[in-house]
Amino acid sequence: MDDDRPQPQRTLITLRSEYIEAAERMLGLAQRELRVFDPDLAELDFNARASIDALRRLLSSGRTHRVYVALHDVEHVKTRCPRLLDLIATFPAALFIFRTEGEATKAQDRFVLADESHVVRRPVAAQPRGAIFIDDPNEAHAMRQRFDQIWESSVPAVSATNLGL
């Protein structure tokens with residue numbers, strides 16, 4: 001029954017801070033799965049306690065819950081995100097960080113996708129403009145397809161065994 005579904009909400013963003021706040025919101029909205037595509041994860045600060053706590057809640061609330069992160073550059077994660085690395089060690093079969101290769105390295109957008117319903121996206125990572133889509137399965141589906149294309153051209157890059165400590 002489609003009448004019970006919430007109406008999709010779309011909000012334009014024009015500031016980097018709005019994107020960061022929306023990405024944090026996606027962490028809270030995710031019930032089963034989170035997919036992140038970002039140049040290096042530096043701007044989102046996934047090493048912050050609040051982010052780690054949200055990721056831990058998501059991953060520990062179900063055996064099939066997953067977090068997929070695709071980055072162009074993983075150096076920031078390897079050298080500046082000890083909490084995130086610890087979380088990978090705790091959930092090695094549920095938290096994946098890949099590095100783009102081939103065609104995926106040319107992607108210029110960035111986005112965070114929560115489940116199949118919510119997404120925040122900046123079409124050009126270097127620009128602050130973007131949009132937030134809440135309860136929008138159509139937009140989320142399109143971004144899921146985009147993520148899958150990027151993921152297919154990416155390789156595992158950060159794991160519990162290469163913490164670099």
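**Exercise 1. The sheet**

Give the strand order of the open sheet in this predicted model, and state which strands stand at its edges.

*Solution.* The open sheet has eight strands, in the order E1-E7-E6-E5-E2-E3-E4-E8, and the pairing is mixed. Strand E1 (9-13) and strand E8 (154-158) stand at the edges; each has a single partner strand, so one side of each lacks a neighbour in the sheet. Between neighbouring strands the average turn is 15°, direction ignored. Helix H2 packs on this sheet and touches E2, strand E3 (66-71) and strand E4 (95-100). The direction of H2 makes about 130° with that of E3.

**Exercise 2. Strand E5 and its partners**

Describe how E5 pairs with E2 and with E6, and determine whether the residues of E5 are buried or exposed.

*Solution.* Start with the E2 side. Strand E5 (residues 110-114) runs antiparallel to E2, and four bridges join the two. Arg35 has Leu113 as its bridge partner in E5, and Leu34 stands opposite Ala114.

Next, take the E6 side. Strand E6 (residues 118-122) pairs with E5 over five bridges, also in the antiparallel sense. E5 and E6 form a hairpin with three residues between them, and Asp115 in the turn has a positive phi of about 55°.

Finally, check burial, for which the cut-off is under 20% relative accessible area. Five of the five residues of E5 are buried, so the strand is largely enclosed by the rest of the structure. Both faces are covered: one side carries Arg110, Val112 and Ala114, the other Phe111 and Leu113, all buried.

**Exercise 3. Aromatic pairs**

Classify the ring pairs Tyr68 with Trp151 and Phe111 with Phe147, and locate each pair in the chain.

*Solution.* The structure holds six aromatic pairs. For Tyr68 and Trp151, the centres are 5.4 Å apart and the planes make 85°, which is edge-to-face. Tyr68 is in strand E3 and Trp151 in helix H5 (residues 137-152), so the pair links parts of the chain that are 83 residues apart. Both Tyr68 and Trp151 are buried.

For Phe111 and Phe147, the centres are 6.3 Å apart and the planes are at 80°; planes over 60 degrees apart count as edge-to-face, so this pair is edge-to-face. Phe111 belongs to strand E5 and Phe147 to helix H5, 36 residues apart. Phe111 and Phe147 are buried.

**Exercise 4. Charges over rings**

Which rings have an Arg over them, and at what distance from the ring centre?

*Solution.* Arg35 lies over the face of Tyr68, 4.2 Å from the ring centre. The charged end of Arg122 sits over the ring of Tyr19, at 4.8 Å from its centre.

**Exercise 5. Asn47**

Where is Asn47 placed, and which backbone nitrogens does its side chain reach?

*Solution.* Asn47 is in the loop between strand E2 (33-38) and helix H2 (49-60). The relative accessible area of Asn47 is 11%, under the cut-off of 20%, so the residue is buried. A polar atom of the Asn47 side chain lies 2.8 Å from the backbone nitrogen of Arg83. The side chain of Asn47 also reaches the backbone nitrogen of Leu84, at 3.2 Å. Leaving aside neighbours within four places in sequence, the contacts of Asn47 are Ile52, Arg80, Cys81, Pro82, Arg83 and Leu84.

Note on methods:
Residues are numbered from 1 along each chain as its sequence is written. This is a predicted model: local features need pLDDT of at least 70, side-chain atom pairs count only at pLDDT 80 or more; totals for chains, interfaces and linings use all residues. Side-chain values use heavy atoms; hydrogens and water are left out. Buried means under 20% relative accessible area, exposed over 50%, partly exposed in between (1.4 Å probe, protein chains only). A polar contact is a pair of N or O atoms within 3.5 Å; within protein, one must be able to donate a hydrogen and the other to accept it, and residues adjacent in sequence count only if both atoms are side-chain atoms. Contact means heavy atoms within 4.5 Å. Two strands pair if DSSP finds at least two bridges between them. Axes are lines fitted to C-alpha atoms, for helices over the stretch in contact, and angles run from 0 to 180 degrees between N-to-C directions. Rings of Phe, Tyr and Trp (its six-membered ring) pair if their centres lie within 6.5 Å; planes under 30 degrees apart count as stacked, over 60 as edge-to-face and the rest as tilted. A charge sits over a ring if NZ of Lys or CZ of Arg is within 6 Å of the ring centre and within 35 degrees of the ring normal.
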